[in-house]
Amino acid sequence: NGEGATRALRNAGYRGVIIGITGDPVGCPEREDFEAAGLNQCVDKDDNGINAIVAAIRRFGLAASCHSLPAGASSFSQAVVGGR
C-alpha cells in the first residue's frame, strides 16, 4: 500500500518528493497515517486531486513542462476516456 511504500522509501534514505493520492477523506485515520508516513503532499482521487498533482509537479520542479487538461476536457476522466 502507499503508506508502506512511503515508509520503506523514507527508511531507505530516500529524500525526494513523494506525492500520495487517496480516496480517504481528510480527517480519516488511514489518510492521516498515510500522510504521516513521509509524504510531501497528499491529494484526493478526483479531478481536483489530479489538478493538485499537476500543480505539485510544477511546484517541486519535477517536470520541465507539465500541462493542464486538454482543451475541451472539463475533467481528468473526460480527457482520459473521451467523455465517458
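**Figure 1. Arg7 and Glu3 are 4 residues apart in helix H1 (residues 2-11), and are therefore separated by about one helical turn.** In this predicted model, their side chains meet in a salt bridge with an N to O distance of 3.3 Å. Arg7 is partly exposed, at a relative accessible area of 33%. Glu3 is also partly exposed, with 25% relative accessibility.

**Figure 2. Glu35 and Arg31 form a salt bridge between their side chains (3.1 Å, N to O).** Both residues belong to helix H2 (residues 29-36), where they stand 4 residues apart, about one turn of the helix. Arg31 counts as buried because its relative accessibility is 5%, and the cut-off for buried is under 20%. Glu35 is partly exposed, with a relative accessible area of 36%.

**Figure 3. The side chains of Asp44 and Arg31 meet in a salt bridge of 2.4 Å, N to O.** This pair links distant parts of the chain, with Asp44 in strand E2 (residues 41-44) and Arg31 in helix H2, 13 residues apart. Asp44 is partly exposed, at 30% relative accessible area. A network of salt bridges links Arg31, Glu35 and Asp44. The count of salt bridges comes to 3.

**Figure 4. Thr22 lies in strand E1 (residues 19-22).** With a relative accessible area of 7%, Thr22 is buried. Apart from neighbours within four places in sequence, Thr22 is in contact with Arg31, Phe34, Cys42, Val43, Asp44 and Lys45. Among these contacts, Arg31 and Asp44 are also members of the salt-bridge network.

Technical notes. Residues numbered from 1 in each chain as written. Predicted model: local features only at pLDDT ≥ 70, side-chain atom pairs only at ≥ 80, totals over all residues. Heavy atoms only, no water. Helix = DSSP H or I, 4+ residues; strand = E, 2+ residues; numbered from the N terminus. Buried < 20%, exposed > 50% of the residue type's maximum accessible area, 1.4 Å probe, protein only. Contact = heavy atoms within 4.5 Å. Salt bridge = Lys/Arg side-chain N within 4 Å of Asp/Glu carboxyl O.
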